[in-house]
Every structure is written in structure tokens, then in C-alpha cells.
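Hi,

Here is the structure I said I would pass on. Could you load it and keep it open while you read the rest of this email?

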Amino acid sequence: MPTVVIVGAGPTGLALACGLRAAGVAVRVVDKAQGPSVTSRALGLQPRGSEVLDRLGALGDLSQRSVPIQQVITHVDGRPMARLKVGLRTKLVTRPGLLVSQAEIEARLRHRLAELGTEVEWGRELLAAEQDGEGVTIRVTNGQVRTDWLVGCDGAHSQVRKAAGVDFPGVAVIERFLLADVRVDLPFPRDAVSVWLRGDRMVSAFPLPGADLWRLMAPAADGLGEVLDADTVLSTLSQALSAEAGLAAVRVREVVWTSTFRIHRRLASTYRSGRILLGGDAAHIHSPIGGQGLNTGLGDAENLAWKLALVASGRAHEGLLDTYQTERRPIAEEVLASTSAMTRLVVGQTPLARAVRDRLFVPLMNRSLVQRLIWEKSSQLKISYRRGPLAGGTLATLPLPCPRTGDRVPDLDCVRHDGSRTRLHAELGSRWAVLTPAAARTDILAAAHRHLGEANTAVLTPAAHRAKVLLVRPDGHLAWSGTSPAALDRRLTRMLGTGRTG
């Protein structure tokens, strides 16, 4: 019997499966599609998303196969008004933002999952799910499966969410968007996303990996039919781009894909109902502007994976799973609010919104401080769980600003006990890390091993001297810092015994 069944083989479901399998948990991944998707709406891989894939061993050559974006060029009434630099290296952000198809990301995750001994089961749709105190019985196409835990990563129309009876309240933000992936010669820089704004109209062009491949996107104007064929979508986007960018004509050589979609803002009322959990778009959907959706789903998967692995192995009480919602749902709430506000501002749904956008917001994007704030915010590297139930607020001895318990720990240079060099994040994934001073604290290591297991704990020495011992969670966040083995024992007892720190 599989310990966990994951419904949905998108980025969230695949990342969760990789994290669980790396921790030794038996997993099955089922998806109603007949095979992998070759097209996708999601494009942006933020630095946080790259970190998650790196820790899972699934990043591979994605950075070489993507387009590193350095700027967003915004035009107002046909004139370039702002160049928002988004690829700058800062103290916080050391990775670039990448434009890469979600299909490519899924392919890398499937490859990693296969290395871990699990293949996706295609053509298996969830038909029903019933849970009791011991597990979940699910009925899928061509069979029935009994499992300890069921996780729905099956998108906005999640059958798992519906089977669990979880509400998904929300509202529409924008009625419809049009998009097309096309091969075309465009006179725009390929290290930039180009955006044109005029009144309540908007059109944008994203460079995609591959020769002369671009994504065109714009809101659907009033008056277009409810059902639009590919020719109508393409002609509408081509005409809008030609008019706003001042091009004589947009001559498309090949149409790779066209689509329409509606933007909604929805958030599941709970992420857990007994032995059924939700992640990614099954738990939250929002505007794609800002490129936060795929990355938020990857963060859900990584957060849930280490907690579910501890519960499944018997090292933690199932109350630990309640902290998945208390840590991740506030992140989704903030993303929903910020992306909805940004979408309404950028699209300019009211005269006031357009005036604020054109005279204040767009010009501000030229200022270096604003650029850094926007870039670091969108990177998702500022995400912290310091106010969550697993944080104790103890300061760690790290470079300023000092992370507190619950904060992300940077990818520090470290040394293994055999003298070889490594990076902190390269040692995580399914494992915890104990960062000790040069003289290893065997008493603290014993406390960590007793709760977490020696095989699940990497022991490292930071290249830069630290006075305190740091315990880093598999998702790269600080679990504890200090010098007392008794204090660490108490922290882990509370964390793993009840999911609370008291």
C-alpha cells in the first residue's frame, strides 16, 4: 500500500513526490491526462523556485535552457517610460529570474522522480475519495487504491478538494486574457519582457527559449465572442502589438500554441481535511502577473514534503501537518492580494487606476531602490515563517540582517567532516542540516540524531566561523540556533510531538 497518493503531475505534485521519495516514503502519482503536457501558461521561475528545484536535485540544465531576464521595459502611450531591472545580484538574491516553460520544469522533475524509482501513472482520473481514521480509499480510473495520505495537487478544478468538501471561495479579477506562443521576428531585446500600456489596453511580449520564439499576451477586449478560435486570438494579439509597438506588421511564421484564460482569485478554506491535503493551484489561484503561481506551488510542496515524511516515518505526530497550513496559507493570502492589486493597476480598469499607473507607478520603476524592493519581493526569498507555530524567535549568529527561527538561511559555503567543500542547500532536499563550529558538538548532534535520524541529518561546518549551532530544515529555513543540547531536545520534542512550540 502506498503511504501517500498524489493526484496531479504538475510542478507541485511532482516536487512533493520527489521530496517524499528522497526521504524514503512510498508514493504514487496519478494524473487524468494521457501524458505530459508540451505547452503551459506558466513561464517564470523565480530565484526561490530555482532554489527548491536545486535542493530536490531537479534543477539540472534548466538555467542553460531558459531565457535569463534582466529587465521589464514598460511603454506608456507608445513611449518607453520605465526599465525595471530584475536580474541584478543583491545580498539577498544571487540567482537570476528565468523564463522557461512549465513543461520543461515538469520534465526535469519527472526525470528526478524516475531516478528515485517512481513513474507518473497517466490516464488515471480520481473518481471518488473516502477517508477514515486510518487512511483514505480512493477510486481512480481502472482501479481502487488504499493509502495513508492523499494530497490534491490537481489544479484549480481539483477533484481532491471537491471530494474532501473544502470550499474554494473567491472572485474574478480580469474577465479574459489571450495568449499565443509564436515564431516571429521582433525588434525587441531578448533579455527583456516588453509591455505596452495605453488607457485600458495592454499587450506584452515575452522572449521564450528557442530561435525567434515569443509569447504574446493581452486582455481580451469587450465585444469578442465567448469562444475564440486560434486565428482570432492570433490576429487580435498581432494587431494590438503592431499598433502599440509601432510595427508595420507582425508576420508570424509559426503558431506553436494559443489559449484564452480567465483570471480568478481563490483560496481554499483549509489546506488539510483529516488525511487529505491540498497544494498549489488546488489550494490557491491568482493572477499570473508577477510570475508567482508556479513558485508558490513549489514552496507548498517543499514545506509539506519534510513534514509528511516525518509523520509517515513515525518520527512526528500528525499534528505537525497542521503547521503546513499555518505557514503556507498566509503566503498565499499575501500573493493573492498583491497580484490582484498589481493586475488591476497594470490593466487600468478605472481612470484613477490608469492615472496612478502612468504618472506615479511606472515612473517610480526607474528608481534603483524601488527596483531592488520589487526584485527582492518577487524573488520569494524574503518569505519567513518566524511568526508561525514552529518559530521561537532566537537570533542566530549570521551576517546582518540576522535570520531568526523561521527565516530562510542563505546558501552558505560549508565543509563536510571529511574536509570536502559543499553548499548548505546542496545538502538539504530531504535532509536536515546541523551547522556546527569547527569543533563538532557531539552532544547537540546526538540530540538531533535522536529525533531526526542520523541518515536524515547532514553535519556541516560553515566556512565562516559561527559561535552557535544552527539546525536548518530541509526547506532551508532555520529551525533552531543555540549551544544547549537540552534546549534543542525541548524544541524538537515540542515540534515533532505536537506540531507546536507551546
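Below is what turned up, going from strands to helices to charged pairs.

First, a caveat: this is a predicted model.

Let's begin with the strands. E1 (residues 4–7) and E2 (residues 27–31) run parallel and are joined by 4 bridges, with Val5 standing opposite Arg28 in E2. To get from E1 to E2 the chain passes through helix H1 (residues 11–22), and this β-α-β crossover is right-handed. E2 also pairs with strand E8 (residues 120–122), again in the parallel sense, over 3 bridges. There, Val29 has Val120 as its bridge partner. E2 is mostly covered, with 4 of its 5 residues buried.

Next, helix H6. This one covers residues 293–312, so to speak, 20 residues in all, and spans 28 Å from first to last C-alpha, close to the 28 Å expected at 1.5 Å a residue. Of those 20 residues, 18 are buried. Just after H6, Gly314 has a positive phi of about 85°. His286 counts as buried because its relative accessible area is 13%, under the 20% cut-off. Leaving aside residues up to four places away in sequence, the contacts of His286 include Ile263, His264, Arg265, Gln292 and Val335.

The structure holds 33 salt bridges. A few of them:

- Lys307 and Glu327 have their closest N and O atoms 2.8 Å apart. Lys307 is in H6 and Glu327 in helix H7 (residues 322–347), so the pair ties together parts that are 20 residues apart in sequence. Both ends count as buried: Lys307 is at 0% relative accessibility, and Glu327 is at 3%.
- Arg215 and Asp181 meet at 2.7 Å, N to O. This pair links distant parts of the chain, with Arg215 in strand E16 (residues 213–219) and Asp181 in strand E13 (residues 170–184), 34 residues apart. Arg215 and Asp181 are both buried.
- Arg112 and Glu115 meet at 3.2 Å, N to O. They are separated by about one helical turn, because they are 3 residues apart in helix H3 (residues 102–115).

There is also a network of salt bridges that links Glu51, Arg55, Glu302 and Arg408.

Cheers

Conventions:
Residues are numbered from 1 along each chain as its sequence is written. This is a predicted model: local features need pLDDT of at least 70, side-chain atom pairs count only at pLDDT 80 or more; totals for chains, interfaces and linings use all residues. Side-chain values use heavy atoms; hydrogens and water are left out. Helices (H or I, at least four residues) and strands (E, at least two) are DSSP runs, numbered from the N terminus. The expected span of a helix is 1.5 Å times one less than its number of residues. Buried means under 20% relative accessible area, exposed over 50%, partly exposed in between (1.4 Å probe, protein chains only). Two strands pair if DSSP finds at least two bridges between them. A crossover is right-handed if, with the strands pointing away from the viewer, the path from the first strand over the helix to the second runs clockwise. Contact means heavy atoms within 4.5 Å. A salt bridge is a side-chain nitrogen of Lys or Arg within 4 Å of a carboxyl oxygen of Asp or Glu.
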